[in-house]
Amino acid sequence: MPGGLGASYRSLADDVYKTTTIPDNKFNMMESVKKVFSFTVNQRRSEPLIEKEPQPVVTRKMPASAAAEETALLGTMPSDSMDDIELRNIQLQFPAVRSLSRDDPSVEEVRVDTDRGTVLVAVQGNRSKPAILTYHDLGLNYVASFQAFFNYSDMRMLLENFSVYHVNAPGQEEGAHPLPDDYEYPTMDELANQLNFVLGHFGLNSIIGLGVGAGGNILARFALNHPNKVEALCLINVVSTQAGWIEWGYQKINARYLKSKGMTQGVLDYLMWHHFGRGTEERNHDLVQVYRTYFERFINPGNLAMFIDSYVRRSDLNMTRNGATLSMPVLNISGALSPHMEETVTLNSRLDPTNSSWMKISDCGMVLEEQPNKVSEALRLFLQGLGYGFVVKMSRSGDSLHSVSWPIHITENPISEAAVC
């Protein structure tokens, strides 16, 4: 047990989460209780304690009520067991309320055929409403990346006005079967092209994209190639450049271990760093345990290795602020503790300042899980800027009432004065 929580205990090993502790200083419970009662009796009788010469021990009778109280208290446990107490089998129980469950009755899973096989798309909300299309990051899927966020109270209200289409990369859905050994995993550009088949399957003319990490990179590629089909983008912890040598080396090692040995501790640690950054164990212990368990049990390691290979071989998006760039409104979000924050600044420098904004959210790395309230508020304001959410003021014109909309637009903050939530 940590010293700040109880200095009288020490762990039997260096790991503070071991299940057995013992007290450093053993004490006699019987003697402690007797001292308390002796003090109480002396106070009641208001007799000062005066030291005298040694005399024969004289047994004093306690008042009947005090004697009965002492007997009742001390009689609850045998005196033999009270002489020497050791705390054994102290177990740390993790909260059971945090879990990732695929069983959501409001979600319908649909298989969509593409030119590179089928992809699983999970649909929420009324399909006649405007569409939000999401894409997840490495090691995740729609359940692990977006389900908890869209179940957040503010986002549930948003679902009343939108339909949501969660796209899963091939073989990344929960409990996916291993992809064939001869299967050639799509490149990042080919993954982006698969979205054309998703839009055609559901009859969507345009979407609002919400992507995290690798998924945001895929949505950005799709928006560059099909700007008329993307109305706006919300990108979270997205990298717009090609992989550097360090990232390439780490990811290649991870992919090799995933294929040969499965989800090893090294791969697991890298995934946790990729999503949460450093120090997550101290600030969000229960969330860390949930995702560690999910990576180990529900993600197919061989399929993930193929997705990682595709992502590490990504090409640069080749965007410049004064040249070819995203023409639609873009909300660029990063967690202050995310290892990809600097890359989001690079992405911001390549976007049109008249229709983009960069926001850094403090005290988090995985923003959708750690700060859903701030992200939902930013997304609500972003959608208001697109005209979907507005304040209505009634005005009278002649004999009729008219509603006047006051859209709230978000404009770019300079990097030096970026909004920090």
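A pocket here is an open set of points on a 1 Å grid over the protein atoms alone, with protein on both sides within 12 Å along at least five of seven lines. Keep that in mind as we look around this structure, which is a predicted model.

**The open space**

Let's start with the largest pocket, which has a volume of about 550 Å³. Its lining is made up of 26 residues, and those closest to the centre are Tyr270, Trp273, His274, Arg278 and Pro339. Which helices supply at least two residues each to this lining? They are helix 8 (245-260), helix 9, helix 10 (280-283) and helix 11 (285-298). Helix 9 gives the most, with six residues. Sorted by class, the lining of the largest pocket holds 10 nonpolar, nine polar and seven charged residues.

About 120 Å³ of space lies in the largest cavity. Helix 9 (265-276) and helix 14 (367-370) are the elements that give two or more residues to its lining. Helix 14 has the largest share, three residues. In total, 15 residues line the largest cavity, and Val212, Asn237, His275, Met366 and Val367 lie nearest its centre. By class, six of the lining residues are nonpolar, seven are polar and two are charged.

Here are the two spaces side by side:

| Space | Volume | Lining by class |
|---|---|---|
| Largest pocket | about 550 Å³ | 10 nonpolar, nine polar, seven charged residues |
| Largest cavity | about 120 Å³ | six nonpolar, seven polar, two charged residues |

**Two helices that meet**

Next up is a pair of helices. Two packed helices are described by the angle between their axes and the distance between the axes. For helix 6 (residues 188-202) and helix 7 (residues 214-225), the axes come within 8 Å and cross at roughly 70 degrees. Angles of 65 to 115 degrees count as roughly perpendicular, so helix 6 and helix 7 are roughly perpendicular to each other. The crossing of helix 6 past helix 7 is right-handed.

Which residues of helix 6 meet helix 7? On the helix 6 side they are Met188, Asp189, Leu191, Ala192, Leu195, Asn196 and Leu199. Their partners in helix 7 are Ala214, Asn217, Ile218, Leu219, Arg221 and Phe222. By class, this contact has nine nonpolar, two polar and two charged residues.

Terms used
Residues are numbered from 1 along each chain as its sequence is written. This is a predicted model: local features need pLDDT of at least 70, side-chain atom pairs count only at pLDDT 80 or more; totals for chains, interfaces and linings use all residues. Side-chain values use heavy atoms; hydrogens and water are left out. On a 1 Å grid over the protein atoms alone, a cavity is a set of points where a 1.4 Å probe fits but cannot get out, and a pocket is an open set with protein on both sides within 12 Å along at least five of seven lines; lining residues have an atom within 4 Å of a point. Grid points are joined across faces, edges and corners, and a volume is the space filled by probe spheres set on the points. Helices (H or I, at least four residues) and strands (E, at least two) are DSSP runs, numbered from the N terminus. Ala, Val, Leu, Ile, Met, Phe, Trp, Tyr, Cys and Pro count as nonpolar, Asp, Glu, Lys and Arg as charged, and the others, Gly among them, as polar. Axes are lines fitted to C-alpha atoms, for helices over the stretch in contact, and angles run from 0 to 180 degrees between N-to-C directions. Angles under 35 degrees count as roughly parallel, over 145 as roughly antiparallel, 65 to 115 as roughly perpendicular and the rest as oblique. A crossing is left-handed if the near helix is turned anticlockwise from the far one by less than a right angle, and right-handed if clockwise. Contact means heavy atoms within 4.5 Å.
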